[in-house]
Amino acid sequence: MQSLSSLPQAPLSAIVQMFHVYKTFDGQKAALADINLRIEPGEMVFLVGPSGAGKTTLLRLIFREEKASSGQIIVNGKNVSKMKDSQICQLRRKIGVVFQDFKLIHSKTVFENVAYVLQVLGKSKSEIGRKVWSALRRVGLEHKMDVYPKRLSGGEQQRVAIARAVVNDPVLLLADEPTGNLDLDTAREVMNLFIDINIQGTTVLMATHNLRIVEEMGKRVISLREGKIVHH
Amino acid sequence: MFTTRVRQFAYLLRQGIGDVRAAGISASFAVVSVACSLLLLCLYFMALGNLSKALDSALDLKVILYLRENLSQEQIGRLQKVLEGTAEIVNVRFISQAAALEEFRASLGKEAYLLDALDSNPLPASFELSLNPKVKEPNQLKPLLEYLAKRPEVESVQGGVEWVERLSNLLVAGRLILILLGVILTIISLVIIATTIHLTVDRRRDEISIMRLVGASEWYIRLPFIFEGMLEGLLGGLLAIGLSAGLYYAFCWKMSPLIKLIFGAWSIDFLRLEEALLILVLGSAVGGAGALVSLSCRSAK
């Protein structure tokens with residue numbers, strides 16, 4: 001494994017940098033092998049590849065849901081690979097994550113789902129009210145604050161998940177197959193939301209196997225196959 | 001920073017209270033099990049307190065030395081000096097045969113005429129001894145009373161030593177049994193609370209994963225469960241005190257005529273305030289410990 005000092009010097013402004021990252025599960029074939037990449041602030045990047053290519057694993061390494069077997073991962077200037085558990089929660093407060101299955105809390109209303117992030121941070125009631133309303137307005141759901149997730153469509157649930165991910169103004173928004181459970185039209189609506197968020201300055205890294213939409217977006221694409229970057 | 005922490009703490013406390021409500025029947029089981037072990041502790045405190053009080057009271061009872069017949073004044077005087085010089089005895093009162101008969105006559109009241117039939121005074125002279133209140137333990141008194149009983153002037157000794165000794169032994173045995181039972185029931189309560197928390201963690205599994213995702217620290221995630229355990233323990237403590245009160249009043253109501261007959265004006269005390277507070281603190285501690293055990297086991301997995 002190369003030390004950080006011997007690696008090519010890159011400007012520290014990158015949001016995500018990966019240097020020779022490997023990830024292996026239980027001694028089996030590497031889920032990720034020799035990943036090197038760099039994502040600049042404000043970029044929107046698609047991570048594409050077939051199922052099992054390693055897209056989700058790569059995202060999980062960034063927000064430290066998984067730990068790299070080797071290599072260095074720098075996120076927002078912090079070395080994620082060497083982070084202690086107590087530092088991981090600080091990292092995650094600066095990263096928003098959106099999943100294919102939305103991961104909403106069904107016993108809480110739309111407002112409460114989004115407010116959750118800010119409650120963890122100990123924000124005041126007034127600040128929570130203001131920020132949640134603003135985030136829901138961004139995704140067009142400010143009129144459904146008191147509704148429970150079960151009463152929302154798939155597209156609306158995903159928009160709530162996006163609102164939760166951006167309510168604390170993260171530097172990086174990760175999305176793992178956010179349109180996987182949605183029809184094409186709804187998927188486009190959700191994609192447009194991500195573009196709006198990106199235009200407003202948030203870096204977006206999205207894993208998807210929906211190549212049709214990726215082509216329509218015309219953004220930077222990183223292709224993964226069998227754990228390796230094949231196109232960048 | 002401080003207000004942020006206070007807000008977070010308040011939020012987590014509300015979460016813990018909500019978890020108790022949501023846990024429903026399993027929380028009730030936890031509360032009842034804690035109440036059972038703490039009820040034992042309540043009974044122990046009350047038993048200990050009242051037995052100790054009885055012990056003190058017994059030691060306030062007078063010891064009476066009944067003298068042999070036909071003792072000379074010199075012999076009586078010598079014995080009196082010995083008694084007055086003994087540290088454990090604070091007051092010595094000589095009751096002559098005649099005085100004893102008069103006291104007996106007075107106690108008989110209307111039936112005093114029965115004594116007119118006596119040819120002679122059957123009552124012996126005696127010394128009535130008041131004991132030093134600082135002397136509490138039977139093993140301090142027993143040697144003295146045994147010594148007095150062996151004195152040539154003394155026919156017999158009437159005192160509370162045997163009874164006090166039995167009471168003291170009962171206290172020790174009772175204490176050990178109650179501690180043993182208390183420990184066993186506390187462990188059972190801890191296990192039941194740990195299981196209840198385990199069920200809550202399972203129920204909120206998805207929510208916990210989201211909490212981790214948005215950057216909640218491990219302690220932020222754990223605290224509501226610890227609060228839930230503490231609250232269940234606290235409620236168990238309150239229930240135990242309530243049950244103790246019920247038992248206390250039922251016992252006093254049923255047994256008060258007997259108590260008055262045996263002990264006169266002596267009454268049975270309920271828990272003292274500090275004992276009740278200790279019960280509540282112990283309940284919370286057992287509950288919190290149960291939650292920590294549950295969370296630690298999950299972390300270890």
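Mentor: A salt bridge is a side-chain nitrogen of Lys or Arg within 4 Å of a carboxyl oxygen of Asp or Glu. Keep in mind that this is a predicted model.

Trainee: How many salt bridges are there between chain A and chain B?

Mentor: The count between the two chains is one. A:Lys108 pairs with B:Glu207, and their closest N and O atoms are 4.0 Å apart. Polar contacts are counted separately: eight residue pairs between chain A and chain B, both residues at pLDDT 80 or more.

Trainee: Which elements of chain A give two or more residues to the side that touches chain B?

Mentor: They are α2 (85–92), β6 (95–99) and α3 (110–120) of chain A. Helix α3(A) gives the most, with four residues. Sorted by class, this side of chain A has 10 nonpolar, six charged and three polar residues.

Trainee: How is the size of the interface read, and what is the area buried between chain A and chain B?

Mentor: The size of an interface is often given as the accessible area lost when the parts come together. Here the area buried between chain A and chain B is about 1,600 Å², and carbon and sulfur atoms give 61% of that. A:Arg92, A:Tyr116 and A:Val120 supply 35% of the area that chain A buries against chain B, more than any other three residues. In residues, the contact takes 19 from chain A and 16 from chain B.

Trainee: Now the rings. What describes an aromatic pair?

Mentor: A pair of aromatic rings is described by the distance of the centres and the angle of the planes. Over all chains, the structure holds seven aromatic pairs. One of them, A:Phe63 with A:Phe99, is edge-to-face, at 6.4 Å centre to centre with 80 degrees between the planes. This pair links distant parts of the chain, 36 residues apart: A:Phe63 is in the loop between α1 (55–62) and β4 (70–75) of chain A, and A:Phe99 is in strand β6 of chain A.

Trainee: Are A:Phe63 and A:Phe99 buried or exposed?

Mentor: A:Phe63 counts as buried because its relative accessibility is 3%. A:Phe99 also counts as buried, at 12%.

Trainee: And why is the pair of B:Tyr248 and B:Phe270 called tilted?

Mentor: Their planes are at 45 degrees, with the centres 5.2 Å apart, so the pair is tilted. B:Tyr248 lies in helix α8 (residues 218–263) of chain B and B:Phe270 in the loop between α8 and α9 (273–300), so the pair ties together parts 22 residues apart in sequence. B:Tyr248 counts as buried at 14% relative accessibility, whereas B:Phe270 is partly exposed at 27%. Together with B:Tyr249, B:Tyr248 and B:Phe270 form one aromatic cluster.

Key
Residues numbered from 1 in each chain as written. Chains lettered and ligands numbered in written order. Predicted model: local features only at pLDDT ≥ 70, side-chain atom pairs only at ≥ 80, totals over all residues. Heavy atoms only, no water. Contact = heavy atoms within 4.5 Å. Buried area = accessible area lost by both parts, 1.4 Å probe. Polar contact = N/O pair within 3.5 Å; in protein donor to acceptor, adjacent residues only side chain to side chain. Nonpolar A, V, L, I, M, F, W, Y, C, P; charged D, E, K, R; others polar. Phe/Tyr/Trp six-rings, centres within 6.5 Å; stacked < 30°, edge-to-face > 60°. Buried < 20%, exposed > 50% of the residue type's maximum accessible area, 1.4 Å probe, protein only.
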